Amino acid sequence: MSANENGSAQMTGAQIVLQALSDQGVDHIFGYPGGAVLPIYDELFQQDQVEHVLVRHEQGAVHAAEGYARSTGKVGVVLVTSGPGATNAVTGLTDALMDSIPVVCITGQVPTHLIGNDAFQECDTVGITRPCTKHNYLVKDVDQLAEVLHEAFYVARSGRPGPVVVDIPKDIQFMTGSYKGVSNSQHKSYVPPQQGDQAAIEAAVDLMINAKKPLFYTGGGVINAGPAASESLRELVRMSGYPITSTLMGLGSYPASDKQWLGMLGMHGTFEANNAMHDCDVMICIGARFDDRITGRLDAFSPESKKIHVDVDPSSINKNVHVDVPIVGDCAFVIDQLIEAWKAKNPSLDKTAHARWWDQIDTWRDRKCLHYRKKSDVIMPQYAIERLFALTRDHDTYITTEVGQHQMWAAQFFHFDEPNRWMTSGGLGTMGYGIPAAVGVQMAHRDSLVIDIAGEASVLMTMQEISTAVQYDLPIKIFILNNEYMGMVRQWQELLHGGRYSHSYSEALPDFVKLAEAYRAVGIRAEKPAELDDAILEMIKTPKPVIFDCVVDKQANCFPMIPSGEAHNNMLLGDDVTGDDIEKAITEEGKVMV
Amino acid sequence: MGQPGSAYSLEKPEEALEAHTISVLVDNEPGVLARVIGLFSGRGYNIESLTVSETEHEAHLSRITVVTTGTPMVIEQIKHQLDRLVPVHSVIDLTVAGETIERELALVKVAGVGEKRVEALRLAEAFRAQVIDASLEHFVFQITGRQSKIEQFVVLMAPLGLIEVCRTGVAAIGRGPERM
C-alpha cells in the first residue's frame, strides 16, 4: 500500500475489497473459495478484521448471510467464485430479493480479457443475476472498485432492501488502483423516500379515526425499517386499540402475546385474522404487499374496506389491490408521522362500534381455529411446536425454518414478541433455507438459542451446512418434524389430486441421529409424546449442533386453510374437514392455481 | 372492481388496454438496456416500440423511449418498476404529461418497373418521403412522421413491390420550452 500524489491510497483490487468491507463495518462474511477469488482469499488470510465463515455450498452462503442480516439488521456479505460459485448463489439471491433482505454478494470473474470466451468457470454473472438482484455490477476498472463496493452496500440497505452482486474479474483483483472511502454525498439516481406525504398522512388518520371496523395489516417492511419502527407500531396500535394481524414476514413486529393480536393472516392464517380482513371497513396496511398468499381470491378480497397502504417501494402500491390512500415512505418515518397526526387530532373514537367489532372478533376467536386432536401414542406436529415454544420461553431464542407444513405450524404455534427473531423464506419459499440461515444467525448471536424448525425433506437440501456449524462451534438446533412426506405437497395431493401421492413420500431417509453423529454433531430422537419434553430439554442444554428427529403423525394436515381460489371468509377449519368438504371446497378453477 | 388478474382470478378483467409513450432517462452504462428490456419481458409487459441513444454526452445520460400497452394499473406498475432501477434517473409518461410530439423514421425498399414504379414515386412525393437510393428497378425511401403515417405508407407500398422495411421506433418529446 502506498499513497499517490492525490493522497488516495494505492492498493490492489483484492486489498480494496477488504478495505471497503472493513470501512462498511463488516465483521463476518460467508463464502467459498475458488480460482477467480483467490487474490481476495489471500488478503483475507493476512488480516483479522473480517471473519470468514466457510460454508459447504454457495446457496448456503447466501442463506447464512440472509439469516445474519435478518437477525441483526446489518447487510449480510457473501464471497463466492466465478461460474458455478455464482450460479449456486442464484437461489439465495432470489430468496433475498423476494424477501427484501440486504445482502452484498461479491463474485469472482474470469480475467477481463477472457470474458465472453467461454473460459473455465466463466458464466455471465451479471446477466444471470440481473433479474434476481436489486442491482448488480461488473467492475472492469480497478479505480472504480471502491466506489462500486460502497454503492453496493448503500443500494442493498437503502429503501426496500435487497441483494446486490459485485462481479470482480481476477485481473482487477491483482491490479493496483486508488482506494476511496465511504462517501456521504447523495447517490446520483437512487434516492429512496423517507417521510410520507403529509396530506396522505392526514387523510389516512382521518380514515382511521372514523373507522368502525378497523384492522392493522403489517408485514416485513416494518421489520426491515429497524427495531424503532416496531416500537412505533406498538405505540400506534395500542393508542388506537385496534386489532392487528401480520404476514408471515411481519411476525414479531407486534407482540403475539398482546390481546390486540389476531395471529397471522393469509392462506394458513387464523380464522379471526382472515375474517377480520374480509369484514373490516378500514384496512391499515404497513410494509406488506398484498401477496397472493395473503389476498386469496382478489375479487372477493376485503370488499367493503377503505385501504391505506404504507410502503417504501411505490411499485408495491396498487400492484395487486387498488388502495384508497397510498403513502410512499419508510415505515420508520411514516408510523411516527401517523402517531403525531393522530395525537394532533385528539380523536374521539366510536367506542360502541369498536366494542361491537371486538365482540365479532371474539366470536371468530371462539372457533379456536388452531385446535387439533392430540394423540397419546403419536406426536402431533402442532404439539411438538407448542412444546418447543413452551420450553424455550426463558431463552434468548431465534427461529429459522425450512419451507412447507412445518413452516406454517411454526408460524401458527411459535409466538414472537420481538422483531428479528423469525427467519423464514416467505416470498420464494426456498426449501433448504433453515440450516444455513441458522448458521448465519448463530454467527451473529453466539450465546443465543438458534433453532431451525425443519421438515425431513427440506432439511436434506442443505444438510451439508451442519458441517459448517460443527466447524465454527455453532450450537444450532435442527428440529425436524419428521412425517416422512413432503408434507405440504402431500396435503395438496390429498386435497386436489385425489390422494395420489406422486413422489411426495420421502423414501430411503437417512437415520438422522446417525447422520448427526457422522457430522460430529449430536443426534436426538423423540417418537412418543411422553418423551418429547425431556428430549427437547436435552437438545436445549446440549452445547453443540443438534439434529433432533421428532417423529410426528404422518397424515396431519395444516389447517386452517383458505383453499385456492377462495375468499378469506371461506376457510377450511381443521376439525370439520371431511373428504366431502374438500371435494366441494376447491373448484375446478381453483385446482389450476398455485 | 379495478382488480387485475392474479393467480386467484383466472378470468382476466375486461379492461381496455391503453398505449403509452414513456420516456426514461438512464445512466449510459453497460447493461442498462438489458435491465429495462429484462424488466419488460420478466414481468410480462408489452413493448410496441423502443428507441435508445445517448443524448447527454458529458453526463453520460441516455434516453429510452418505450411505447407500451396495458391496463391503467399495469401502466402505473411499469412506471414504478422502471423508476426503481438503480441507474434510472427519471420516468416520464409522455402520454399523460401534456402535449407531445412523436416521430419515427422508416427506410422502405420498393422494387418494380413500369406503372407500379411511377405510382410508388408519386405516393412517396405525396408522403414527403425522400429517395435515398435508387436503381432502374428499385427505390429506398426515407420517410419520417407519426407512426400512423408510416403504417399507411407501408400499406400503400405493399402492392407496388414492397421488399422490406426498417423502422427506428418512436422518438418523442414534450411540446413547449420545459425539460422533461
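**View 1. Elements around the second largest pocket.** Strand E12 (261–264), helix H15 (381–392), strand E16 and helix H16 (405–413) of chain A each put at least two residues into the lining of the second largest pocket. Helices (H or I, at least four residues) and strands (E, at least two) are DSSP runs, numbered from the N terminus. The model is predicted: local features need pLDDT of at least 70, side-chain atom pairs count only at pLDDT 80 or more, and totals for chains, interfaces and linings use all residues. Residues are numbered from 1 along each chain as its sequence is written, chains are lettered from A and ligands numbered from 1 in the order written, and side-chain values use heavy atoms, leaving out hydrogens and water.

**View 2. Inside that pocket.** Its volume is about 770 Å³ (the space filled by probe spheres set on the grid points, joined across faces, edges and corners). Of the 36 lining residues, A:Ala256, A:Phe389, A:Phe414, A:His415 and A:Phe416 sit closest to the centre. A pocket here is an open set of points on a 1 Å grid over the protein atoms alone, where a 1.4 Å probe fits, with protein on both sides within 12 Å along at least five of seven lines; lining residues have an atom within 4 Å of a point.

**View 3. The open sheet.** Six strands of chain A line up as E17-E16-E18-E19-E21-E20, with parallel pairing (at least two DSSP bridges between two strands). Strands E17 (422–423) and E20 (522–526) are the edges, each pairing on one side only.

**View 4. Where E16 meets E17.** E16 (397–401) of chain A pairs with E17(A) over two bridges. A:Ile399 has A:Trp422 as its bridge partner in E17(A).
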